[in-house]
Amino acid sequence: MAEEQRRAPLFEALQAYARKVRAPLHVPGHKMGRAAPPEWRAFLGESGLAIDQTEAPGLDDLHAPEGVIAEAQELAAAAFGAWRSYFLVGGTTAGLHALILAACEPGTAIAVPRHAHRSVLGALILAGLRPHWVRVAFDPELGLATGADRGSLQEALQGAAAAVLVHPTYYGIAAALEAEIGLVHGAGLPVLVDEAHGTHFAFHPDLPPSALSLGADGVVQSVHKTGGSLTQSSLCHLGRGSRLTPARVAEMLRLVQTTSPSYLLMASLDVARRALALEGRAAWERALVLAEEARRRVEAIPGLRVRPTDDPTKLLIDVRRRSISGFRAAEWLWDEAGVAVEAAGLTYLLAVLTPGDTMETVDTLAAALSRLPSDEGVPALPPEPPWPEVVMTPRAAYLGPKRAVPLEEAVGRIAAELVAPYPPGIPVVAPGERLTRDVVDYLGHAARSGWHLQGPADPRLRSIQVVEE
Ligand SMILES: Cc1ncc(COP(=O)(O)O)c(C=O)c1O
């Protein structure tokens with residue numbers, strides 16, 4: 001790795017500022033922690049608060065970077081293999097919003113896989129786009145979405161202005177990204193990749209290839225998830241040869257991001273990039289070894305199986321043969337053993353390992369899992385949700401006049417909100433789609449079964465928001 005990657009220009013500038021300043025007559029008003037509540041200061045530490053700064057001398061400006069932020073972003077671009085990289089303080093959500101706004105004019109269509117994160121739907125609402133939904137394939141045993149259907153993607157590209165791809169899924173399934181990018185580029189369209197869970201891919205050859213290395217035009221990564229930075233900090237990249245223009249992406253970032261970006265978050269991106277560039281390979285080698293050991297130990301426990309995924313550091317544990325649901329297992333692990341997993345579904349647990357883990361973590365997980373009780377059994381997996389009938393744009397449905405009606409009375413109405421039950425973790429209905437009998441029955445079943453429902457204003461879904469007609 002190039003010598004320049006040893007630098008962390010933004011972090012260095014913040015420390016230099018804290019050493020030099022005598023009279024910080026500007027916000028933030030806690031004045032480097034001096035006016036912060038003492039217990040907070042004691043807990044966080046003085047040095048952390050001292051670099052919670054704003055656009056003070058020498059600290060550059062995220063929205064018009066020419067100094068240390070520009071340098072730090074250039075170092076990030078070099079480390080990740082990007083043409084341009086941008087710091088995000090509003091998570092991957094902000095980056096997806098900016099990329100989609102930059103790629104598509106209002107009223108145009110965009111190809112979106114049905115298992116895309118709700119932040120993508122948020123971008124469709126903000127930008128006033130028409131979704132061309134892409135069907136997804138499901139793992140027949142665990143009931144979770146595994147990736148976009150190629151034929152459906154091909155169809156969805158017709159008349160679209162861009163395509164969104166998800167790489168990897170939440171569960172570490174990395175899809176045939178190269179072929180999918182080829183399809184989208186073959187149609188002459190830009191590819192925007194949600195790589196929220198793949199920041200680490202560029203730093204170890206045993207991990208799936210990164211979207212940038214496969215020619216994506218725009219990529220967003222939640223560095224806070226696996227890259228080691230603070231929660232809420234992400235990176236948006238443009239690939240070399242990107243069909244998007246940096247000026248337009250920067251403009252959209254100015255639109256969607258705060259004018260007071262946290263320097264703590266940005267500095268954490270700067271140092272996380274340095275660590276990945278300098279020691280990423282060794283660190284992820286350790287994580288891969290740990291994950292392999294964890295897999296071996298879990299597989300040895302009666303009734304448990306680890307479903308292979310493309311990212312081995314995601315441990316997707318099938319609990320069905322233990323006669324317990326994943327939800328119940330996650331609750332038991334937390335209550336009885338203090339083990340907190342990343343996610344649980346009806347049939348599985350998801351544990352995420354990173355260089356922050358040790359053999360002790362693996363021991364604790366394996367010991368707890370070996371004591372996991374058998375319970376009431378695992379309810380049957382739901383059938384695939386009905387395919388949506390899109391009636392109006394998500395923007396018109398979500399932002400226009402709407403009201404709540406009892407779920408049973410919603411048949412035939414147009415949904416004004418998203419409802420994504422877990423399982424299957426994809427929207428059963430999105431704003432602008434018809435609430436057919438099938439959709440209402442599916443949602444009723446999900447609500448009665450106590451599945452986690454993402455999106456609706458009424459979390460128990462006794463009522464649902466519909467478009468006022
Ligand atoms: C696949 C996917 N995309 C996007 C996001 C949004 O990322 P962030 O929380 O960094 O805004 C998430 C968050 O969980 C996600 O899982």
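## Pockets and backbone geometry

Helices (H or I, at least four residues) and strands (E, at least two) are DSSP runs, numbered from the N terminus.

The model is predicted: local features need pLDDT of at least 70, side-chain atom pairs count only at pLDDT 80 or more, and totals for chains, interfaces and linings use all residues. Residues are numbered from 1 along each chain as its sequence is written, and side-chain values use heavy atoms, with hydrogens and water left out.

A pocket is an open set of points on a 1 Å grid over the protein atoms alone, where a 1.4 Å probe fits and protein lies on both sides within 12 Å along at least five of seven lines; lining residues have an atom within 4 Å of a point. Grid points are joined across faces, edges and corners, and a volume is the space filled by probe spheres set on the points.

The largest pocket has 44 lining residues, with His117, Tyr170, His197, Tyr422 and Gln454 nearest its centre. Elements that supply at least two residues each to this lining include α5 (91-103), β2 (109-113), α6 (118-127) and α9 (223-226), as well as the strands β12 (343-344), β15 (420-422) and β16 (452-454).

The table gives volume and lining classes. Nonpolar covers Ala, Val, Leu, Ile, Met, Phe, Trp, Tyr, Cys and Pro; charged covers Asp, Glu, Lys and Arg; the others, Gly among them, count as polar.

| Pocket | Volume | Lining by class |
|---|---|---|
| Largest pocket | about 840 Å³ | 24 nonpolar, 15 polar, five charged residues |
| Second largest pocket | about 310 Å³ | 11 nonpolar, four polar, three charged residues |

Cis peptide bonds come next. One joins Val27 and Pro28, with omega about 5°; Pro28 lies in the loop between α1 (9-20) and α2 (38-44). Another runs from His167 to Pro168, with omega near -5°, and Pro168 is in the loop between β6 (160-166) and α8 (177-186).

Positive phi values occur in non-glycine residues too. Met32, in the loop between α1 and α2, has phi of about 60°. Asp60 has phi near 65° and lies in the loop between α3 (46-50) and α4. Asp60 also counts as buried, at 16% relative accessibility.

Methods: Buried means under 20% relative accessible area, exposed over 50%, partly exposed in between (1.4 Å probe, protein chains only).
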